[in-house]
Amino acid sequence: MKMHRLLGATVIIAASVGMTFAASAETVAYKIVDDGIPKSLTGKSGDAKAGRKVAYNRKTGNCLACHKLPIPEQQFHGEVGPDLKGVASRYSEAEIRLRVVDSKKMNSDTIMPAFYRDSGFTRLQKKWVGKSILKAQEVEDLVAYLMTLK
Amino acid sequence: MKIRQLLLALTGTIAVAGLGLGFVVSQTTSAKAEGIRSGYTYATKETQGLQDDEMSNPGYLWVDTGEDLWSKAEGDAGKSCNDCHGDAADSMKKAGVSYPKYKDDIGKMQNIEQRINQCRTDNMKAKAWKWESNQLLSMTTYVRNQSTGMPVSVAVDGPAKPFFEKGKAFFNQRRGLLDMACKHCHEDNAGNLIRANVLSQGQINGFPVYRLKWGKVGSSHRRFRGCNKQVRAKPFKNGSDEYVNLELYVAWRGRGLPVETPAVRN
């Protein structure tokens, strides 16, 4: 209890000076090895079919906002980021997972949001406090889908 | 007599339009050389056409309302804008290019909306208009419309310097759950498609702007709020110091662009 409060206070103080945290109450801890996160966040493999939906759903992943993907039934693919066709031939599963979780770990200036981070933000809207854009299951589903793009 | 007046007015309009066009073209060319582009250049032909034709540009409804309000006496002093400033075409010609401006009496920056309201409370002894009210939007649009075609030129040195720096810091500060700064879209990715929309440079030379999505004219601060909410960040209030400083920085980014008020955007 006391420890909890102490931790909470630390997070608030740290957040106000702009530090980032890899994990807290809402997200599970993960370990970065080289340029990737080798272990699944859920301990299981994701569902590629569900992940395809995460990729185009505007309320969840909305990858299409910035990336071109082989999802022909959806109109208007963005061109802010690279075309993700063949992404699984360019990167390993671990590398893809880290880029979805927090691509700023690779490139601190990127426009790409960290999809699995829940603290360290500036002027966060109240309804998002303590939340990450995607849940661990959605990240794993998305990673499974991206791994099909050979 | 009437016909002659009409003809004269028409000839005048055509001449002015011709001059304006020449000006706009040369402005755009020089701006292009510097890489500064108005949102107009990212708009579709249809939207551009809507803006270009005063008769079809819906923003002119607000210009017209502003013109009516200009001569309307209000407040305990019984004065109208016109009583002190006369013809807005002369007295307001430069207002649209130079705001926000540093004001000694308040020790900070002031934008056109705030200048209008200060005139109302201090000189007219009238109530300040609410932000984003039809009246304040109309008067701001009318005043800024007097500068249409003139290059944006705000002072960012001297006493304005610290406020300019704050605006610049705001522009480059990541915010919200999407953790993006203005610059990630409007500097690094201007011209790229984000889903179905082309990202512009985020220039404000056309504000207050008639936005098709809004179905009405709106201020740059309303647009800032929309952008902030889109990245899931808490927006600031319209007229806040934060947004006035940002407005100064963004106006400076578009220095040299012609004022287009009321521009039409999607």
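Two residues are taken to be in contact if their C-beta atoms, placed from the backbone, lie within 7 Å. On this basis, in the predicted model described here, Ala251(B) is in contact with Pro100(B), Val152(B), Val154(B) and Ile204(B), once its neighbours within four places in sequence are left aside.

Ala251(B) also belongs to the largest nonpolar core, which holds 43 residues. Together with Met109(B), Met139(B), Val143(B), Val152(B), Ala160(B) and Leu248(B), Ala251(B) touches the most other members of this core. At least two core residues come from each of several elements of chain B, including helix H3 (60-70), helix H7 (112-123), helix H8 (134-145) and strand E5 (209-211). The biggest contribution is that of H12(B), with 7 residues. A separate core of 38 residues includes Ala55(A), Cys63(A), Val139(A) and Ala144(A).

From H9(B), the contact draws on Phe163(B), Phe164(B), Lys166(B), Gly167(B), Lys168(B), Phe170(B) and Phe171(B). H12(B) answers with Glu242(B), Asn245(B), Leu246(B), Leu248(B), Tyr249(B) and Trp252(B). Sorted by class, this contact comprises 8 nonpolar, 2 polar and 3 charged residues.

Turning to the two chains, their contact involves 17 residues of chain A and 19 residues of chain B. On the side of chain A that touches chain B, 12 residues are nonpolar, 3 polar and 2 charged.

Methods. Residues are numbered from 1 along each chain as its sequence is written. Chains are lettered from A and ligands numbered from 1 in the order in which they are written. This is a predicted model: local features need pLDDT of at least 70, side-chain atom pairs count only at pLDDT 80 or more; totals for chains, interfaces and linings use all residues. A nonpolar core is a set of buried Ala, Val, Leu, Ile, Met, Phe, Trp, Tyr and Cys residues joined through C-beta atoms within 7 Å. A residue is buried if 20 or more other C-beta atoms lie within 10 Å of its own, exposed if 12 or fewer, and partly exposed in between; C-beta atoms are placed from the backbone. Helices (H or I, at least four residues) and strands (E, at least two) are DSSP runs, numbered from the N terminus. Ala, Val, Leu, Ile, Met, Phe, Trp, Tyr, Cys and Pro count as nonpolar, Asp, Glu, Lys and Arg as charged, and the others, Gly among them, as polar.
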